[in-house]
Amino acid sequence: MKVAFPVQMRRIDELIIERGIPSVLLMENASRSVLEEVLKYPTVKEIAILCGGGNNGGDGYAIGRLLLNAGKTVSVIECYHPSTPDAIFNASLFVSFGGGIHACEESTVESLLSRADMVIDSIFGTGFHGELQGRVAELVEYINGLKSVKLAVDIPSGVSGFDGSVRGIAFRADKTVTFGAGKVGHYLYPGRDYCGEVVVRSEGFSREILDRQLDSSVIDEELVLELLPERHADSHKGTYGAVLIVGGSEIYTGAPFLSALGALRSGCGLTYTYTPPEAAAVIRSNLPEVIAIVGKGPHIFRDDLDTIVEIAKKADSIVIGPGIGRNEETAETVLELLKVFSKSSMVLDADGLYALSKDLTVLSRTEDILLTPHPGEFRRLCGETDLKSLMDFCENFHCRVILKGSSSVLCNPYGKLSINITGTTGLAKGGSGDLLSGTIGSFAAQTGDLERAGILGMYFMGKAAELSDESDASNTASSIGKEYSRVFSCLVEGARGEKHGIGT
Ligand SMILES: NC(=O)C1=CN([C@@H]2O[C@H](COP(=O)(O)OP(=O)(O)OC[C@H]3O[C@@H](n4cnc5c(N)ncnc54)[C@H](OP(=O)(O)O)[C@@H]3O)[C@@H](O)[C@H]2O)[C@@H](O)CC1
Ligand SMILES: Nc1ncnc2c1ncn2[C@@H]1O[C@H](COP(=O)(O)OP(=O)(O)O)[C@@H](O)[C@H]1O
Ligand SMILES: [K+]
């Protein structure tokens, strides 16, 4: 599903208006779709709408009029004077249809809000920046404490549509009705938490314009089905690629095993690992299908380089880092490997990223690399962890990065985002990152495309956690890896449903 940055949404609105649809009609369409969503709550009779001065406020006045005409009791609380032509127009229409407007400073506003069955937030939409302040912040905080249904128009006020960040207070919605396309900020935390259910309504928007203007996506089943490598009856292990996982150390003996598990379970033809002896022993006893090659010492050292280079000749993709540790010579060896494999398809994870932080310039030589840091690891590389910094980093170093979290974002050098929203807190446990890097390496070996692999890997691991029978608290990366089979089955069922016209 495509998603938009606020600036892209503004451009889409402009293009539609240039084609001849008046902006006030776009506002009417948007407001009608909100009306329909409100009417899905049959017990809601009395509604309070907070309106800002921009077009989001304009939507609020139009929604108010439509609700009045539908027989509801409606009060508008004016947070800012209407300032755009469409907001001014709709505010006057609201009044001419008998609507009542209260200034937000009025002392009766709180009791009016507490009486309402539903509160609609039409204060700020995609034009919001900064922080809610003063009386508006006070009212939003008050509303967040009420039991009534809370609905946000386009995006909850206080949430940045650009990156989901929240400074101070924001409206906490049960449902957010958004227009044309979801906004990036709906799907990234903390914003994701404030949106409740996100309903995308695209009436009046041109599919052609949306498709042409937007390249970023939230990863959904449709996209995954498009990207999933096909499996043919007439095939053999060579058809599905080979991955080499380099990692492990004296203390981290399980990480390469989890990575190899991800690789095997996601369909790779051959999985090689190169690890110190202790880690190889774990792999050999748990995953006999893996070709576990044993390193020379307790860590990956320079002495191992030649053998790794030799094995890598058989691999279509290389994962470096799971459990590799922070020994200084190991870090130097990792940097050396990055140089030697500059033309290979590589996933760099965990302490492989620690090694990279010692010399970021090696990135200028690598042609096809995906980094998979969690926020702590990304801070070490970049100094910041916000979305803009991630996008700048990928552009400056011409690389792909997955910034992992409860929502994860894959960013490419051209600013295209792929946002993953699958997953559970069952993944918030050591080992998940290792499972992910092996899964991505496997899809890279199968498809020859790291971006595609990253999208598939994130979705698979998250979906497997969702489908697992284990409770979130007791789930483990090794159990989740074994659930990949269910993800494949679900996708096959979904594809069959689509083919036979069974809607989801
Ligand atoms: N055809 C269309 O375009 C359609 C648009 N639609 C609707 O329009 C919405 C976008 O409207 P919009 O661009 O007018 O922005 P909106 O969010 O209402 O606010 C802008 C105002 O708020 C101000 N402001 C910002 N932050 C602030 C702060 N912290 N504290 C105080 N003030 C602050 C800001 O000030 P400024 O940035 O100028 O400093 C400006 O005055 C969109 O979300 C959707 O709901 C739909 O009807 C579909 C068709
Ligand atoms: N609450 C959550 N919801 C969804 N995914 C999560 C959640 N917590 C963690 N994850 C995922 O689990 C993985 C954890 O990776 P990482 O922090 O590197 O762990 P480790 O290095 O301990 O294996 C990431 O892919 C992250 O997106
Ligand atoms: K809003």
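Predicted model: local features only at pLDDT ≥ 70, side-chain atom pairs only at ≥ 80, totals over all residues.
Residues are numbered from 1 along each chain as its sequence is written, and chains are lettered from A and ligands numbered from 1 in the order in which they are written.

The account begins with helix α2. Helices (DSSP runs of H or I with at least four residues) and strands (runs of E with at least two) are numbered from the N terminus. Helix α2 covers residues 23-39. It contains 17 residues and reaches 24 Å from its first C-alpha to its last, close to the 24 Å expected at 1.5 Å a residue; the expected span is 1.5 Å times one less than the number of residues. The buried residues of α2 are Leu26, Met27, Glu28, Ala30, Ser31, Ser33, Val34 and Val38. A residue is buried if 20 or more other C-beta atoms lie within 10 Å of its own, exposed if 12 or fewer, and partly exposed in between, with C-beta atoms placed from the backbone.

Helix α2 packs against helix α3 (residues 55-69), their axes coming within 9 Å and crossing at roughly 55°. Axes are lines fitted to C-alpha atoms, for helices over the stretch in contact, and angles run from 0 to 180 degrees between N-to-C directions. The two helices α2 and α3 are therefore oblique to each other; angles under 35 degrees count as roughly parallel, over 145 as roughly antiparallel, 65 to 115 as roughly perpendicular and the rest as oblique. On the α2 side, Met27, Glu28, Ala30, Ser31, Arg32, Val34, Leu35 and Val38 meet Asn55, Gly58, Asp59, Ala62, Ile63, Leu66 and Leu67 of α3; residues are in contact if their C-beta atoms, placed from the backbone, lie within 7 Å. The residues of this contact divide into 9 nonpolar, 3 polar and 3 charged. Here Ala, Val, Leu, Ile, Met, Phe, Trp, Tyr, Cys and Pro count as nonpolar, Asp, Glu, Lys and Arg as charged, and the others, Gly among them, as polar.

Helix α2 also packs against helix α4 (residues 85-96), at an angle of about 60° and with the axes 10 Å apart. This pair, α2 and α4, is therefore oblique, and α2 passes α4 in a right-handed crossing. Ser23, Val24 and Met27 of α2 meet Asp86, Phe89 and Asn90 of α4. By class, this contact has 3 nonpolar, 2 polar and 1 charged residues.

A further pair lies later in the chain. Helix α11 (residues 255-265) packs with helix α18 (residues 432-447) at an angle of about 40°, their axes being 6 Å apart. The arrangement of α11 and α18 is therefore oblique, with α11 passing α18 in a right-handed crossing. The residues of their contact comprise 7 nonpolar, 7 polar and 1 charged. Because 11 of the 11 residues of α11 are buried, this helix is largely enclosed by the rest of the structure. Just after α11, Gly267 takes a positive phi of about 105°.

Several backbone features occur in loops. Most residues other than glycine have a negative phi, and most peptide bonds are trans. Asp154 has a positive phi of about 70° although it is not a glycine; Asp154 is found in the loop between β6 (149-153) and β7 (175-179) and counts as buried, with 27 C-beta neighbours inside 10 Å. Ala350, with a positive phi near 50°, has its place in the loop between β15 (345-348) and α15 (351-357). Ala350 is buried because it has 26 C-beta neighbours inside 10 Å. The peptide bond from Tyr189 to Pro190 is cis, with omega near 5°, and Pro190 lies in the loop between α7 (184-187) and α8 (191-195).

Finally, the loop between α17 (387-396) and β17 (400-403) holds His398, and Cys399 lies in the loop between α17 and β17 as well. His398 is partly exposed, with 14 other C-beta atoms within 10 Å, whereas Cys399 is buried, with 22. Not counting residues up to four places away in sequence, Cys399 touches Leu363, Ile369, Leu371, Cys394 and Pro413.

Key:
Left-handed = near helix turned anticlockwise from the far one by under 90°. Contact = placed C-beta atoms within 7 Å.
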